[in-house]
Each structure stands twice: as C-alpha cells, then as structure tokens.
Amino acid sequence: MEGTNPVNKKLAAALSGGAVLVLALSGCSDDGDKKLDDWAKKVCDSVQPQSKKIADANAAIQKETSDNSAPADVQKTDSKAFQDMSDAYKAMGASVKGAGAPPVDGGQKKTDDAVKELNAISKSYEGLKKQVDDLDTKDQADFADGLKNIAGELDKLSKSGNEALEKLQEGEVGKAMGKQDSCKSASATPSAKS
C-alpha cells in the first residue's frame, strides 16, 4: 500500500470531528447547593474514566488509520475501539442513572433523556463494530467503500451525540459539574485535529 489512503484520512477526520463525547463543561463556579454538588461529584467521578476510555479508543483508531496500515489491522483496531466506545457510553448511562435525578426543576427528565441518549450512542457503536467486522479486508476497494460508510455514520453520531448531555448540564447542574475536578479533566481531553 503506497501513499495515504484517502478513506483512512476520512475515517480519522470523522473520529476527530467529535465522536469522543466528553462532558463539555462550563467550568463556572458558584457556591451552589451542597446536594447538587454531591450529585455532580458522583456523576463526574464515575464518568471521567469512561471519557478516558473513549479518548483512548479514538486515538487508537486515528493512529491505525494515519499509519497507512493493512486493512486487517485497521479492521481489528476499529472493531476493538468501537466495542470500547460502546461499553463506555453504556457505563456512562448507568452512572448517570445511578446518580439519580439532580436536585433541580425537571431533574428527572434531564436524567432520563441523558441516559436514553447515552444508551442509544452505545448501541450505535455496537452497530459500527458489527459493520467493521463484516468488511472484506481482502478486497481493498470494498474495504475502502465500507470504511467510507462507517466514517459517514460516525460523523452523524458525533453531531447528534451531545444534545441530551448538554440539556442535563444546563443552568445550576452545569455550574455544579464545572466545579468538579474530574469533570474539568474530562472536558479537557484533547481531540486531535485533522
């Protein structure tokens, strides 16, 4: 394989475009309410390792696609990364659900929406893993076409992925989460630019 495969570049670009959903927190701080701070700490502490897992999976895919690797190697790396991402989003959903509703107006709905969204993202990554596992690595052109489709889905997934979490973090909830060190470090996770 000489030269850089444009499809690999497209896949790497789609991933770096925001498939890593990390809590994008405001970092504001005020004195707020102790119960809300406790809730925010619980969520942030449990979500932070999952954010790292997603960032690591993202980095693995980018490295494999930019190294001009053989299709079988790309397939193996992508498959594991998509499984890791699926597991991480599922765990995030469980963390948010386990923390219960934040003590604010409409807290239960915010929590339910975020959990639903995180579980849906988890299922989407499961679907991408199956797609990548089914690609024919012996046929370079077919493999490239398959990757192109996956890159397109990743792009859509990254655009739709943040809405419920952003809603969860509106107002006082976002301020409380912004004070937690574990959320600050999660939101500071760099995403590679391509």
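Predicted model: local features only at pLDDT ≥ 70, side-chain atom pairs only at ≥ 80, totals over all residues.
1. Where does Ser122 sit? Ser122 belongs to helix 4, which spans residues 107–134. Is Ser122 buried or exposed? Its relative accessible area is 3%, and since buried means under 20%, Ser122 counts as buried.

2. Next, helices 2 and 3. Helix 2 covers residues 34–66 and helix 3 covers residues 71–99. The two pack with their axes 9 Å apart, at an angle of about 170 degrees. Angles over 145 degrees count as roughly antiparallel, so helix 2 is roughly antiparallel to helix 3. As for what lines that contact, by class there are 17 nonpolar residues, along with eight polar and seven charged ones.

3. Zooming out to the fold: the protein has eight helices and zero strands. Reading from the N terminus, the order of elements is simply α-α-α-α-α-α-α-α.

4. On contacts across the chain, take the pairs of residues at least 6 apart in sequence: 85% of those contacts join residues at least 24 apart.

5. Last, burial and surface. The protein has 194 residues, and 44% of them are buried; Ser122 is one of the buried residues. The accessible surface comes to about 9,700 Å², with 50% of that belonging to carbon and sulfur atoms.

Note on methods. Residues numbered from 1 in each chain as written. Heavy atoms only, no water. Helix = DSSP H or I, 4+ residues; strand = E, 2+ residues; numbered from the N terminus. Buried < 20%, exposed > 50% of the residue type's maximum accessible area, 1.4 Å probe, protein only. Contact = heavy atoms within 4.5 Å. Areas by Shrake-Rupley, 256 points an atom, 1.4 Å probe, with all protein chains shown as cover. Axes fitted to C-alpha atoms, helices over the stretch in contact; angles between N-to-C directions. Parallel < 35°, antiparallel > 145°, perpendicular 65-115°, else oblique. Nonpolar A, V, L, I, M, F, W, Y, C, P; charged D, E, K, R; others polar.
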